[in-house]
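Here is a short report on a structure shown below.

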Protein chains: 2
Amino acid sequence: MKSEIGIGLLGLGVVGSGVVEVLISKADKLAKHVGASLVLKRVLMRDVSKGRAVNLGSHLLTSNVAEVLTDPEIDIVIEVIGGEHPATEYIEQAITNGKHVVTANKEVMAKHGYGLLSLAQKYNVGLRYEASVGSGIPLIATFQQDLASNEIWAIHGILNGTTNYILTQMAQQGLDFPSALGQAQELGYAEPDPANDVEGIDAAYKLAILSSLAFHSEFDAQGISCQGISGLAAQDFRYAREFGYAIKLLAIAKRQADTVEMRVHPVFLPENSQLAKVDGVYNAIQVEGDLAGRLIFYGEGAGALRASSAIIADVLTISRNICRGLSNVLDVQLNQKLEIKPMSDIETRYYFRLSVNDRPGVLAQISKALGDNSVSISSVIQKESDPLAHTAELVIMTHSAREEAVQKALGEVKQLAVVNEVSSFVRVEG
Amino acid sequence: MKSEIGIGLLGLGVVGSGVVEVLISKADKLAKHVGASLVLKRVLMRDVSKGRAVNLGSHLLTSNVAEVLTDPEIDIVIEVIGGEHPATEYIEQAITNGKHVVTANKEVMAKHGYGLLSLAQKYNVGLRYEASVGSGIPLIATFQQDLASNEIWAIHGILNGTTNYILTQMAQQGLDFPSALGQAQELGYAEPDPANDVEGIDAAYKLAILSSLAFHSEFDAQGISCQGISGLAAQDFRYAREFGYAIKLLAIAKRQADTVEMRVHPVFLPENSQLAKVDGVYNAIQVEGDLAGRLIFYGEGAGALRASSAIIADVLTISRNICRGLSNVLDVQLNQKLEIKPMSDIETRYYFRLSVNDRPGVLAQISKALGDNSVSISSVIQKESDPLAHTAELVIMTHSAREEAVQKALGEVKQLAVVNEVSSFVRVEG
């Protein structure tokens, strides 16, 4: 029986430092759980001279990745560098060197998950990635094990805490997007370059990972239609409330016959739905399956401790298996070949906000453009916004319509002389 | 490699029939997942002549339990009889005969979980019980694996769908308890004898199971203080709303130094809290840990399909391990010796509703009785309820106080000549 499990760590940023902190402060608890000590053998960091607020002997630090990936005393490599490169290559090398790997890297798992899992299977090692989606919220193991007997119908996720914080501030404080973003940046909830979060790319990576587990198929994350939240204005939240909705950035996957509808964009959600009540930096993932029904998993989707909870859980699972002589290989159950449904084919309801000339007959012209494309209106709100310029704000909710028809109709609406601008465009869910 | 996993089923009630249905209708999917067919070999039912709405050959049915427990072709025994006896003995016999066991039985696992898990360890078989709490909501594996590195601080659970349905009807429709119970019985959400649900006993079993996983200690479910919902009246919900609260039956466990506060009773919950928004037959379990933070797991906590989701997940896990030659033994990590904190020692805030004489000085007398016991009042609502009888309804919210002091104070309040009755008594949480 092994008395020691050697750990190598790639990356000593916020999450990496959290992992080190837990490995040190909980050493006894973890050893008891595993039946062997978890010993940190080597830590890769860019500049070892940079003093980090972590209680680590300098002999453990290296800027040479080979010292981690080839160290025979290291059983498990934890990757928390983030980003596609060189993290992907490091994980590949760790696997081919016979190391088990635990990663928090959503971009790598979204883009290269299938290849890496197959490689791990070939080299008879484990590759676990619980922290890659929802941080400390148990999701990956949940799909792999607890929901295994279910046909999954749909996933609706608030998968990005940064955008949910910004949207909550816009809804509750009446802020516009730039102010809410600025506030989130000051608090450290948004990065200096926030594009990955606010444009929905981060959520799309996570959706690709969950969908591949849920639907047993490989998906190209870059094929997921993505719309961010930067186009939303303060008044969209007021109109949403008038109609009885909240606005959330949702990642949506819905199983159809042999396609899956997959998209990330802001939605109007009925305000009494559970997901509409998820505020601030919290994440929530709703899963619908034929047996389990509708489940929701809720928690904080970011932060060093939250990620450590998932990373250390993965390390414990692998370590216990090593100690008991059990295999860590996960079967890669990607036996379906499903395509992402083209965005133009989805059907849903829509909200538009338009700036129009304030004169009789405007609504008739717009209704006709929509009607000509089989898009029918369910409600309209018209408010005088600028009596001097004779412009008004017109808000339209449609019945269910096909995205392609809606886009064509909106193109025609934009051409109308009486229409100054289509200011907002949000899909309605539920 | 085994090409077939033999399954024995104890009990063909609602849940048992659901399990049979899934094993038959999803045979291909399950076989692909496991790498071997799951074959139902024998089903115990009380009266085999009773035609059940299940597509089973009569040669599979037996009323002789030994035919299931000793059948050498059976690898896994699923127990869905429910109740303490004879289910406990059947599970014991299955284990000592070398069978793996999957059970949905909360009463057995709450009362005999430690002994049975130890027995399973001794006989080198698996004993899994995901369906025993929250039905299809993944919780047991979550604690065993995903939260393993966490110190758990607290569990707050809406663990019983029957009572949550009744409370929701009382809150939304203004029904009194007997009408809401009657409605739940008509819809099949409450049993003809509803005591186990409405008195909180069912929730206490589930709390004992979760607490033993969370705190790594054995707890006596019968030591959990339990108060049901039958004493609540329609006006308690109106007052709760006036104060900004919802009323829920909560199962609460909070870790202290070497005790755990464990109790099941109705509570006032702030109406904007996530658990307050869980309505109808849904369950929700909030877990707070040092690393993962605050997590909530939400879903339907009852029904044949929901339970089947968890039961079949357990069967799949065991079957895959059998096929891959891996052990199914779970380490029983009950290495802590924690006591349940005496109810008299807990500290919280309280709501009382009293019927009093409608005359000056009544509140002074009541305040004095409370104050003499160090229980201080935070708010009071007084309403004239019966001008003819000169009685009024008095509603009191207290600051945080010790249960023992509150009970003593209430005893003194009841003795006051001006007090007709203490009509309601609800603790406040959060």
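Domain bounds here come from an automatic or database domain assignment. For chain A that assignment gives domain 1 (4–135 + 304–323), domain 2 (140–300) and domain 3 (346–428). This is a predicted model: local features need pLDDT of at least 70, side-chain atom pairs count only at pLDDT 80 or more, and totals for chains, interfaces and linings use all residues. Residues are numbered from 1 along each chain as its sequence is written, while chains are lettered from A and ligands numbered from 1 in the order in which they are written.

**Domains of chain A.** The centres of domain 1 and domain 2 of chain A, taken over C-alpha atoms, are separated by 28 Å. Contact means C-beta atoms, placed from the backbone, within 7 Å. By that rule, 14 residues of domain 1 of chain A touch 17 residues of domain 2 of chain A. Helix α5 (residues 106–122) of chain A gives the most to the domain 1 side, with seven residues. Helices (H or I, at least four residues) and strands (E, at least two) are DSSP runs, numbered from the N terminus.

**A sheet in chain B.** Strands pair if DSSP finds at least two bridges between them. An open sheet of six strands in chain B runs β3-β2-β1-β4-β5-β6, with parallel pairing. Its edge strands are β3 (61–62) and β6 (127–128) of chain B, each pairing on one side only. Helix α2 (residues 27–34) of chain B packs on this sheet and touches β1 (4–10) and β2 (37–44) of chain B.

| Strand pair | Bridges | Direction |
|---|---|---|
| β5(B) and β6(B) | two bridges | parallel |
| β12(A) and β12(B) | three bridges | antiparallel |

**A helix pair in chain B.** Helices α13 (residues 362–372) and α14 (residues 403–415) of chain B pack at about 150 degrees, with axes 8 Å apart. Axes are lines fitted to C-alpha atoms, for helices over the stretch in contact, and angles run from 0 to 180 degrees between N-to-C directions. The angle therefore makes α13(B) roughly antiparallel to α14(B), a term for angles over 145 degrees. B:I366, B:A369 and B:L370 in α13(B) meet B:A409, B:E412 and B:V413 in α14(B).

**Between the chains.** Contact links 41 residues of chain B with 41 residues of chain A. Elements giving two or more residues to the chain B side are α2, α6 (140–146), β12 (293–300) and α12 (304–323) of chain B.

Note on methods. Two residues are in contact if their C-beta atoms, placed from the backbone, lie within 7 Å. Angles under 35 degrees count as roughly parallel, over 145 as roughly antiparallel, 65 to 115 as roughly perpendicular and the rest as oblique.
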